[in-house]
Each structure stands twice: as C-alpha cells, then as structure tokens.
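Please read these notes alongside the model.

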Amino acid sequence: MRVSWRWFLGLIWVGVSATRAGSPVFSDEIPFKIRWPGADFTLATSGGLYKEDDYVIMTTAEKEKYKCLLPSLSSNQEDDMKEYSGPSPAELLEPLFKQSSCSYRIESYWTYEVCHGKHVRQYHEDKETGQKINIQEYYLGTMKKKDSDFLKLSVCSQVPTKNIEGQLTPYYPVEMGHGTQCSLRQNKPRFTTVLYVCHPEAKHEILTIAEVITCQYEVVVLTPLLCPHPKYRFKSSPVNDIFCQALGGSPLRPQSLSQLDREQEELLKPSFSSSSERDQRGSRGVGWWKYEFCYGKHVHQYHEDKEQGKNIVVVGSWNTEDHINWAKKNVARSYHLKDDGAQKVKVVSHFYGHGDVCDLTGKPRQVIVKLKCKESESPHAVTVYMLEPQTCQYVLGVESPVICKILDTADENGFLSIPS
C-alpha cells in the first residue's frame with residue numbers, strides 16, 4: 001500500500017474514501033492519528049479493522065525505524081436516517097438571504113464581510129486625521145440574480161462533508177463567482193464557495209476563510225438554520241489510530257517529535273494572569289473602530305484621533321452575578337470529542353452587560369465573549385471577530401493558542417481557573 005504522509009507534531013490527519021473500483025485512496029474526510037505504543041498494546045475496538053499485512057516501514061531523518069500498522073476501513077456508509085419530509089436546506093437558509101444580513105471576521109490586517117446571498121468582500125480601511133477614509137477592497141465573489149436559482153433546487157441525496165476541526169461535518173455549499181479580477185489568474189474573476197454548517201448555538205458567524213487555490217476561496221459559516229434537517233446535523237466521526245512500533249533499538253517515539261512537544265509546551269504556556277496588577281487585554285480591529293477586550297473587566301469599542309483623543313464606547317462590563325444568571329439560561333461552555341471519545345471543552349462564553357446606553361433601543365449595550373482554542377504555528381496569534389446579531393447586542397469572538405491550555409478548567413458556569 002502506498003501512503004502519502006503529512007506530519008504535524010507527530011500527528012497526521014488524512015482519510016480514506018473509496019474509488020469507483022472500490023480500492024481506498026487518501027483524502028481529508030476521515031481523521032487519523034499516529035499512536036506510539038510499546039511492544040505490547042491492545043488494538044482499538046472502534047473505527048477501522050487491522051490486518052497483519054497492512055503496514056508500512058517508516059524511517060526518520062535520524063535513521064529511526066518504525067513499523068506502522070494501518071486500519072482497513074469500509075467504504076460503505078449507509079444512511080440509516082428516517083425519511084425526511086420537511087423543508088430543504090435551501091428553504092431553511094432562505095430567511096438568512098432575504099434579511100440581507102452580513103457576518104464579519106477581523107484578522108490582523110484584513111476584515112472579511114459575508115453578506116449572505118449577495119457577496120463576500122475582503123477589505124482594509126485607513127484614515128488619517130482630517131483626511132477621507134482610504135479603502136483597499138476585493139470582492140471574493142458576488143451573487144447575481146440568475147445565480148439565486150440555487151434556492152429552488154431540491155436537496156441532493158448525497159450530502160457533501162468536510163473535515164472541519166477534526167470532525168466529519170455535512171455542509172450546504174453556495175457558490176459565488178463574479179468577484180474582482182485576479183491578475184495572478186489571467187484576470188479571471190475571484191470565486192468563493194460558502195459552506196453553511198449546522199451549529200445550534202451559532203449566530204451565522206464565520207468560522208474560517210481560506211484561499212484554497214490562487215484567488216479561489218472557501219468560507220465556513222456556522223448557522224442554526226440548517227439544524228432542523230437531520231442530514232445536516234453534526235455527527236462525530238471516530239479518529240482512526242495508526243500504531244507505529246519502534247524497530248531495531250529506535251526510541252519509542254522519534255526524538256525530533258519529543259523535542260518539538262517540549263518546545264510547544266513552553267511556547268503555549270498561558271500568558272493570562274488573575275492578578276489585578278496585570279490586565280488580560282487584547283486590542284484588535286481595522287478601520288474607524290477598534291475593539292479592546294480586558295478579561296474579567298470590560299469590552300470597549302474605541303477610535304483614536306490625534307486631535308480629539310480616544311473616543312470610547314463601553315460595549316459591556318463584567319459582573320459575576322449577571323454572568324451566573326446568564327449562564328443558567330444559556331450554554332456557557334461547549335464540547336467536542338477527544339480521540340478517546342472523552343469530551344473536551346472547545347468554547348467558553350462569558351456575558352458582559354451594563355454597557356453604554358444604546359440610542360436606538362434605550363437599553364445598555366451587552367456582549368457575549370466567546371473564548372476559543374485556535375491552534376497556530378505562532379503561539380501568540382490572536383483572531384478577533386465582532387457580530388451584532390441584534391441592535392446593540394454583540395458577540396465578540398477571541399481565538400488564540402494562549403486560550404487552549406485553560407479552557408478545560410471551565411466549570412458549568414464557564415468560570416476559568418487561570419494560573420498566576
């Protein structure tokens with residue numbers, strides 16, 4: 001068997017699907033993970049089956065040798081769901097497109113705007129004192145009126161799936177062409193596929209944006225609208241183990257991977273502090289407004305002007321009792337499954353109320369801060385996005401490797417145990 005390996009800190013996340021002839025090929029649909037057992041170990045009882053002749057011999061750059069036993073997976077995946085007679089996924093998503101609502105994601109330089117059923121835009125704003133705003137923008141895809149016929153299509157019998165954060169996830173694709181011309185592709189228009197994924201607690205936020213090939217993009221949007229359809233509900237997919245045993249006096253696990261683990265452990269030590277002498281503060285944003293998140297204190301929206309100083313709007317302020325009351329009525333922490341089937345905290349949400357009074361509603365602003373682990377080669381990378389699902393009621397997403405080490409300390413109310 002020929003195998004293509006892609007390594008990341010001793011892990012590989014590849015998958016097996018079936019060709020028309022029935023022989024397995026590797027893809028990204030089914031997750032795998034390398035295990036490094038000793039001479040005696042027990043094979044997994046779930047996932048793939050194992051045969052003695054399904055193995056490869058691997059040699060590292062340091063001449064360490066390993067015999068890696070591969071699981072054999074069946075390509076027959078029967079859909080045992082009962083017949084569904086409700087609205088199609090297009091019909092479920094139709095209110096989102098009719099409302100002409102938009103979702104945003106703020107990266108370090110670019111802001112991404114997904115106006116559902118209309119366009120996907122990437123832009124950056126600069127403004128100097130006394131000057132007009134300069135906007136650098138690209139339309140990554142737009143929806144023409146004739147393209148909206150997808151809303152009339154019936155649901156396909158085969159629902160596409162994608163490995164999203166290690167889980168095999170069904171999605172509904174919406175294609176948007178006619179974007180800004182791309183000079184790197186003979187001035188062809190940019191093109192984006194928006195993948196809508198069921199998430200019962202989501203507010204149509206953008207999970208990821210990726211340029212899959214030059215000037216062609218893929219956007220994953222989480223939405224609760226698809227969840228009533230049984231074929232689009234989240235399903236946990238098992239992680240299939242590949243067992244690699246040391247040969248010829250090689251160490252139990254390659255030395256280079258062990259060294260990388262130690263280095264990552266040092267880099268990913270949380271930089272949060274519970275001491276009042278040190279703020280857990282993050283400031284992000286582009287264009288006119290920027291956002292400042294001070295953990296356990298406040299969320300501010302502000303603009304700095306050289307002449308007029310700093311204009312601050314309090315989006316929300318921390319109050320322990322208010323958060324507990326909110327947590328009793330909402331989900332303060334959510335999980336995903338670990339490789340061994342155990343639950344692991346994935347997102348922790350905190351409520352910040354008592355913001356500045358909103359002129360449009362006459363009520364104080366409030367914000368839900370979602371803290372999420374995001375693996376990255378840069379241990380201190382931070383991604384921030386701000387949504388306003390209702391007038392003056394916000395969702396602030398904060399994603400960083402720094403958060404990964406503390407999420408599992410969250411109790412039922414979402415309170416974190418942050419080391420000093």
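1. Arg35 and Asp241 form a salt bridge through their side chains, at 3.0 Å from N to O; the term requires a side-chain nitrogen of Lys or Arg within 4 Å of a carboxyl oxygen of Asp or Glu. Arg35 belongs to strand S3 (residues 32–35) and Asp241 to strand S18 (residues 240–247), so the bridge ties together parts 206 residues apart in sequence. Helices (H or I, at least four residues) and strands (E, at least two) are DSSP runs, numbered from the N terminus.

2. Arg35 is partly exposed at 27% relative accessible area, whereas Asp241 is buried at 12%. Buried means under 20% relative accessible area, exposed over 50%, and partly exposed in between (1.4 Å probe, protein chains only).

3. The model is predicted: local features need pLDDT of at least 70 and side-chain atom pairs pLDDT 80 or more, while totals for chains, interfaces and linings use all residues. Residues are numbered from 1 along each chain as its sequence is written, and side-chain values use heavy atoms, without hydrogens and water.

4. A salt bridge also joins Glu399 and Arg105 (2.8 Å, N to O). Glu399 is in strand S27 (residues 393–400) and Arg105 in strand S6 (residues 102–106), 294 residues apart. Glu399 is buried at 4%, and Arg105 is buried at 2%.

5. Glu113 and Arg121 meet in a salt bridge at 3.0 Å, N to O. Shared partners join Glu113, Arg121 and Glu137 into one network. The count of salt bridges is 7.

6. In helix H1 (residues 89–98), the buried residues are Pro89, Ala90, Leu92, Leu93, Leu96 and Phe97. They line one face of the helix, because they fall within an arc of 155° seen down its axis, taken from the directions from the helix axis to the C-beta atoms.
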